[in-house]
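Here's a walk through a structure, taken one piece at a time. Keep the 3D view open and follow along.

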Amino acid sequence: MHWIFRCLAPARVSGPVLFLLATLALASQCMAQGVGTQGGDHQAAVAALSDVKAAIAAITAADASYATDRNVYHRASQQAINALEGSHGTDYRPGAATSADAQGAIGHIDALLDRTATPVWAAPLHGAEANLRAAVEHLKDSLRTRELMDYQLVVSRALAYLEVAQGRPTETGVLAGLEGALANTELGVPGDAKVADACAAPPDTPAFGVHDGSIAWVTVPASDGAHALAENPGGTDVTVHGGLILLHTAAAPLVARGCASHAAAAPAPSTPSAPSATQHAAAAPATGALPALYTAAQAHAGAQVYASKCVSCHGADKQGIAAPSVAGHDFLITAQHNGWTLEIIRYLVFTMMPMNAAHSLSPDAYASVMGYLLASNCYPAGNTPFPKDDDPRFAKIKLAPVTGPPPTPRDAKGVCKVN
Amino acid sequence: MTFRNQLRTGAVRLLPATLGVVAALGLSASAALAQSASAGSATPSAQEFAGAASDTANWILPAKSYSGNHYTDATQITPANVAGLHLAWTFHVDDPGPMETSPIIYNGTMYVTSAHDHVYALDAATGKLKWEFKNNPHVISFAANRGIGLLDGNVYIGTLDGHLIALNAETGQKVWDKVTVDDTANSFYTMAPVPWHDPTTNQDELLLGVSNGDWGGNGNISAYDPKDGHVIWRWETVPGPGQPGHDTWSGDSWKRGGASTWGGVTIDPAAKLMYLNLGNPGPDFLGSVRKGDNLYSDSMVALDISGAKPTLKWYYQFIPHDTHDWDPPMQPILFTGKVGNDERKLVATGDKAGNVWILDAGTGKLVDHTTASFQKNQQTEPSVEGNIACPNTLGGIEYQGGSFDPATNTLLLPSQNECGLWTGNKDVVYIAGQFYLGGGFPKLVGPNTGQMNAIDVSTGVFNWRHHFDLPNYGGALTTASGLVFSGNLGGEENAFDTKTGTLLWSYDTGAYIQAPSEAYEANGKEYIVVASGAAGNAAIPELPATGQQSVISAFTLK
C-alpha cells in the first residue's frame, strides 16, 4: 500500500492535530515533487492560498526589518498587491519582485468561481475574494503614507483582511476562508487522491471521505513513513482504524447530519418538483404553532395603507398587477419554494416599497402593512405589534402555506379576510 | 412611379425568392404545410407568414411581418378622410391591469390577450366574443402579456409563470401546457411566441424569449416544437466560460447577468439572419460587482440561422456596462432605406436611454445615432446618496416598436422624457424570485412628457416631432396612404400626417394606452385597432383621472 499525499505548503496546526502531524513527520523531499495533471481546482485553490501567504510574508518581512527607509515598506505593500492581483491586475507594478504568479490570488479565485455550477466551496471563496479586495484597497492607501505610524495603521487593517481571507478558525474551531475551503470541501482533495463516499464506512485504503462536496474525514496509513497533508483538515477527532489513521474534519458533524437526512428520506418517494397537497400539509406548521407577529389593530390600519399605497400595483385581490402577488396559497407556495423568510419580506417592504418611492412611508405605516400582509396570509394576530425595527428572529421564520382552520375566512385564492 | 411604389415593387420581388428557398428544400416542406392545411384555415400557412408584409387583410405576426416594421399597404383610410374615422366596436376585457397586447388577426378572427394571460378570440368585424381562455397564473413579477402566436391550428401563449400553452385556435380548448423555463423562481414570459418555419430543418418552430433579467436570471431565445413544446434549440445571451465575450464579466457575475430577450424577433428570411435586442445587465443599478462591458446586454445581435442552431454573426452594444436599465426593449425594424444616394438594408432600434440607432443590417456597423429623449447625467452610476439621471427606467423608447416609411425615408418612433432620482446600494444580495437590482427603482422627478418623432434615415435629423404633455408609448403604425397611428398614455388614439406631423384625428379610448396600433380588413373594410387599460408600471402623477377598464377599440370609416 503506497500512497503519497499531494505535497504542499505545511498546514498551520495546533493541539492534537499538531501532535498527529508531528508523528506523520512532514517530509521535505515531498515538497519538491511535481504537480500532477489532475485536480486543477485543488491546485488553483492552493495557488491562491500561496499568493495570500506571499502577500502576508512580504508585509511581515518589511515590518521585521526595522528599516527606516519608507521605500522598503512601500515596496512590501506593492509586492503584496502584486501577489493578490497578479500581473494582469490594474494595480500591479513591475519591479517589486514577488513569488506571485500571473493570476494572483484574486485571479485564481475568479477562475475557480467562473463556472456554471455553484459548488459547496463557492461561498467561502466569495468571502475570501471580498476580503482580498478590501485588503488591496488598504494596501493601495498604504502606498500613499509618508509616516511610519500612518503606514502601520493602514497596513494592519490590510493584514486583518488578509488573515480572514487566508482562514482564521472561528469560535467553534471551524476554519473559514481559503484554508477552510481546502480543509472542509472537495477543494482540499488532490487530483490523484482516492475519494470515497463519506456516508459509508472508510475503505481499507487511504482516501478522502466526501459527501455533497464536503470532506468529512481523511485516512492516512498508520505505517512508518512520511505522509504530508494538503492542508490542515481542522477538527480534533483522530482514531486509528484498521491500519489507518482516521482524521475527522471540522465539517464532519455537518456531513453526518446530511448523511442522516438522506437516509431518512430514502424510503419515501421524493417529488420536489410537484409536491402533493398532503406533503405540503405535512411540511407546513400547524396554525397553532405559528407565532403571533402583529396586532389586529395593526392589520386594520395596514389595510388602509395598502388601499392607498399598494393596491394599484399588487391588486385588490393581492394577486398582482404591475407587481407580484403578495398573499394567498400560490404566494405561500412560491415563498416556500424560494425559501423566503419573514426577514426577506420585511426587508423588501421597509426598504424597497413603494417601488417608485422607497422609504416614503413612516415606520409605523410599514409595520402596519406587514401586519396586514401577515393577516392576509392567515397568520394569527396577537398582543405584540409588528416592530418598527428589525428582529433577528425574523430570519428564522420561513413562510409556507398555513394549514388548519384559518383565523378568518379564506377566499378562493387562499387569502384570509382582514377585519 | 413614385419612390414609394418602386420600393414596394422591390419588396414584392423578394417574395418569390423566399418561397423559392422553401420549394428548393424539396417536397418534404409540404409535410408541415399539410399539417396546417389539415387543421383547417384557422392558422396561416408558411407562404402566408412569408408574405405577411403585403397582406392588408390580416395581421399575423406581432409587428405585422418578420421585418418588425409596423407598416401596412392598406390605403382606404387616408389623410383626406381620416377625420371621418369612428369607433366601429369595443370589447371590454374582464381582467384589470395594463393592456400591452399586439392583436393577431387572421381570416376574420382577432386574438387578443390581457394582463393575466387571458386569451380572447373575437370577430374582427364586430368585436363579438367567439371564445375565451382565462388563465390567471400566479404572478411572480408583474402582470402583462404582449400577445399570442398562431401556428399549426393552435394559439400559443407564454405565461407569467413560465408555461407555454397551446389552445385550439377554433375552440380555445387547451391542447397542451408545458413549463418551458429552466429557473421557475425568476423566469416568466411576456412576449408573444413567434411562429417560424425553419427552411433548413423543414420544421415549424415557436421562437420565444424569456423574461428574467431583472430577477437574477440569464436571457435566452429558444425554439420550441409547436407539437409538444420541447426545446429544439436555445441560444444563451450571456456567454459562458470559454465563449467569446465571456471576459466582459468580472468573476462569476455572468451567472446572474440578465440580458433578457423581451423585445420580439426580427428575421430576414433571404439573408437567414435573426435580429434580437437584448436586455440590461444585472444587477441593474450596481456596476461594481460586474466590471466589464457585460456582453451581450444592451446589444442588438444578428444570429445566423442557416444551420440547425443559431450562431452569432455580429453584435452592436449600444450601452456598454449599463447601470440604469437602459436596454433596447423594442423589436428591431429591418428595412431598405436611403443613406445619401445609396439604397441600404438597415436595421433600427431605440433604447430606454432615449437613443435611436440605425445600423447596417449586414455588418452591424453604425449608420446613424440620434437622441430622441431628454438625456442628463448618463455617465454617472447611481450613488448611495442618490442622483438624478434622465431618462428613468420607463423613459426613452419603450417596447411598442415603430415603423419605416419608404415614401418619406423616415423612421417613425415615439419617445418619452422622464427623469429619475436613482439610488444604488453598496452591495447586492440575490433572493430567489425577487428583483436583483443593487439599488432602488428611480423615483419620478418629471417632466413625464413624450413625443412622436419622424427621423430622416439619410441624415438622422428629425423631419418633425409632435410633443405631448404625457408619455407616448403606443409605438407607430404607418400606412401606405401617408398616416401614422399611435396611442398616447393619456388614452387618446391619434393619427398624424406622415409627411408633416400634423395631428389629423384623435379619439379618447377611456383608458390608458401603452399597446401598439394595428390595421386590418374585415369584409373589405379597413380597421384600426388598439388596446387600452390600466397604467401599471407606467403610472405617473400627471395622468388624467380616466377609467382603467381594459378595452379593445376598433375604428373604421363611416
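Which residue stands opposite Asn220(B) in strand 14 of chain B? It's Glu236(B). Before going further, keep in mind that this is a predicted model.

**A sheet in chain B**

Let's stay around that pair for a while. Strand 13 of chain B covers residues 220–224, and five bridges join it to strand 14 of chain B, with the two running antiparallel.

Now look at the side chains of strand 13 of chain B. Asn220(B), Ser222(B) and Tyr224(B) point one way, while Ile221(B) and Ala223(B) point the other way, and all are buried. Since five of the five residues of strand 13 of chain B are buried, the strand is largely enclosed by the rest of the structure.

What about Arg234(B) itself: buried or partly exposed? Arg234(B) has 14 C-beta neighbours inside 10 Å, so it counts as partly exposed. A residue needs 20 or more such neighbours to be called buried. If you leave aside the neighbours within four places in sequence, Arg234(B) is in contact with Asn220(B) and Ser222(B). The C-alpha atoms of Arg234(B) and Tyr224(B) are separated by 8.9 Å, and these two residues are ten apart along the chain.

Strands 13 and 14 of chain B also make a hairpin, with six residues between the strands. In this hairpin, Gly229(B) takes a positive phi near 85°.

**Over to chain A**

Chain A has 14 helices and five strands. Of its 419 residues, 41% count as buried. Take the contacts in chain A with a separation of 6 or more: 65% of them are between residues 24 or more positions apart.

| Helix pair | Axes come within | Crossing angle |
|---|---|---|
| Helix 3 (residues 40–65) and helix 7 (residues 148–166) of chain A | 10 Å | roughly 155° |
| Helix 4 (residues 70–85) and helix 6 (residues 122–142) of chain A | 9 Å | roughly 155° |

With that angle, helix 4 of chain A is roughly antiparallel to helix 6 of chain A. Helix 4 of chain A passes helix 6 of chain A in a left-handed crossing. Among the residues making this contact are Ala80(A), Ile81(A) and Leu84(A) from helix 4 of chain A, and Leu132(A), Val136(A) and Leu139(A) from helix 6 of chain A. Sorted by class, the contact has seven nonpolar, two polar and two charged residues.

Helix 3 and helix 7 of chain A are roughly antiparallel to each other as well. Their crossing is left-handed. The residues in contact include Leu49(A), Val52(A) and Ile56(A) of helix 3 of chain A, along with Val155(A), Leu159(A) and Leu162(A) of helix 7 of chain A. By class, that contact has nine nonpolar, one polar and one charged residues.

One more helix deserves a look. Helix 12 of chain A spans residues 329–338, and its buried residues are His329(A), Asp330(A), Phe331(A), Leu332(A), Thr334(A) and Ala335(A). Just after helix 12 of chain A comes Gly339(A), which takes a positive phi of about 70°.

**Where the chains touch**

How many residues of chain B are in contact with chain A? There are 27, and they touch 25 residues of chain A. On the chain B side, those residues divide into 15 nonpolar, ten polar and two charged.

How values were computed
Residues are numbered from 1 along each chain as its sequence is written. Chains are lettered from A and ligands numbered from 1 in the order in which they are written. This is a predicted model: local features need pLDDT of at least 70, side-chain atom pairs count only at pLDDT 80 or more; totals for chains, interfaces and linings use all residues. Two residues are in contact if their C-beta atoms, placed from the backbone, lie within 7 Å. Ala, Val, Leu, Ile, Met, Phe, Trp, Tyr, Cys and Pro count as nonpolar, Asp, Glu, Lys and Arg as charged, and the others, Gly among them, as polar. A residue is buried if 20 or more other C-beta atoms lie within 10 Å of its own, exposed if 12 or fewer, and partly exposed in between; C-beta atoms are placed from the backbone. Helices (H or I, at least four residues) and strands (E, at least two) are DSSP runs, numbered from the N terminus. Two strands pair if DSSP finds at least two bridges between them. Axes are lines fitted to C-alpha atoms, for helices over the stretch in contact, and angles run from 0 to 180 degrees between N-to-C directions. Angles under 35 degrees count as roughly parallel, over 145 as roughly antiparallel, 65 to 115 as roughly perpendicular and the rest as oblique. A crossing is left-handed if the near helix is turned anticlockwise from the far one by less than a right angle, and right-handed if clockwise.
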